Amino acid sequence: MKNNNQTCCLIGPRQINDGEVLRLQTRLDEEIGRAAEQGVLYFVSGAMPGFQTLAALAVLKQQRKNPAIHLVLVLPMEGVFRPANALDAIIFAFIKDRASHIVHSRNCPRYQLVCSGFCIYYLPPEYRFSSANLLLAQARQKGLVCLPCM
């Protein structure tokens with residue numbers, strides 16, 4: 001992950017309306033595929049339920065088409081993250097087992113933004129997802145792709 005031009009962070013909220021999940025999965029698949037075609041090899045995501053889980057699964061799906069791409073999983077300090085229920089635990093284990101790299105950080109969103117040259121994010125209009133993170137992204141990123149609500 002030394003070349004930021006080959007790294008894209010994936011950021012969004014934990015809560016996603018049920019009606020948006022399928023459309024968001026489709027858009028993530030398209031945008032991650034497009035980024036991979038443009039030379040992005042590393043996709044940096046957390047593993048919290050919601051957007052991060054969808055994004056990590058989309059990277060793993062694209063990895064089957066293009067084995068050169070990698071999922072970099074950024075997790076809170078070791079032992080801090082505990083899935084809320086059995087299904088979340090199974091999905092988390094699935095993603096963690098397939099991630100190319102795992103990084104532990106005290107400030108996961110900041111780590112994702114600082115190490116990336118691009119950012120794909122989802123920000124529903126009703127959600128005030130940390131605008132400080134988006135400002136940092138705008139200041140540091142060469143490219144931002146917003147996945148709009150449909």
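## Cysteines

The protein has zero disulfides, a disulfide being a pair of cysteine sulfur atoms within 2.5 Å. C8 takes part in none, and the nearest cysteine sulfur, in C9, is 5.9 Å away. The sulfur of C119 has its closest cysteine sulfur in C9 at 3.3 Å, too far for a bond. C8 is buried, with a relative accessible area of 2%; buried means under 20% relative accessible area, exposed over 50%, and partly exposed in between (1.4 Å probe, protein chains only). C119 is likewise buried, with a relative accessible area of 2%.

## Basis of the values

This is a predicted model, in which local features need pLDDT of at least 70, side-chain atom pairs count only at pLDDT 80 or more, and totals for chains, interfaces and linings use all residues. Residues are numbered from 1 along each chain as its sequence is written, and side-chain values use heavy atoms, with hydrogens and water left out.

## Overall fold

The protein contains five helices and six strands. These are DSSP runs numbered from the N terminus, helices being H or I of at least four residues and strands E of at least two. Along the sequence they follow the pattern β-α-β-α-β-α-β-α-β-α-β.

Of the 150 residues, 47% count as buried. Among contacts (heavy atoms within 4.5 Å) between residues at least 6 apart in sequence, 82% join residues at least 24 apart.

## Strand β3 and its neighbours

Strand β3 spans residues 70-75, and five of its six residues are buried, so the strand is largely enclosed by the rest of the structure. Two strands pair if DSSP finds at least two bridges between them. Strand β2 (residues 42-45) runs parallel to β3, with four bridges joining them. Four bridges also join β3 to strand β4 (residues 101-104), again in parallel.

V72 of β3 is the bridge partner of V44, and V72 also has H101 in β4 as a bridge partner. Together, β2, helix α2 (residues 51-65) and β3 make a right-handed β-α-β unit. Right-handed here means that, with the strands pointing away from the viewer, the path from the first strand over the helix to the second runs clockwise.

## Salt bridges

Side chains of opposite charge can pair when their charged atoms come close. The whole structure holds six salt bridges, each defined as a side-chain nitrogen of Lys or Arg within 4 Å of a carboxyl oxygen of Asp or Glu. In one of them, E20 pairs with R23, the closest N and O atoms being 3.5 Å apart. E20 is buried at 10% relative accessible area, whereas R23 is partly exposed at 38%.

D29 forms a salt bridge with K61 (3.7 Å, N to O). K61 lies in helix α2 and D29 in helix α1 (residues 21-37), so this pair ties together parts that are 32 residues apart in sequence. D29 is buried at 16% relative accessibility, while K61 is partly exposed at 37%. D29 also meets K65 in a salt bridge (3.9 Å, N to O). That pair links D29 in helix α1 with K65 in helix α2, 36 residues apart. K65 is exposed, with a relative accessible area of 58%. Elsewhere, salt bridges that share partners join R27, E30, E31 and R34 into one network.
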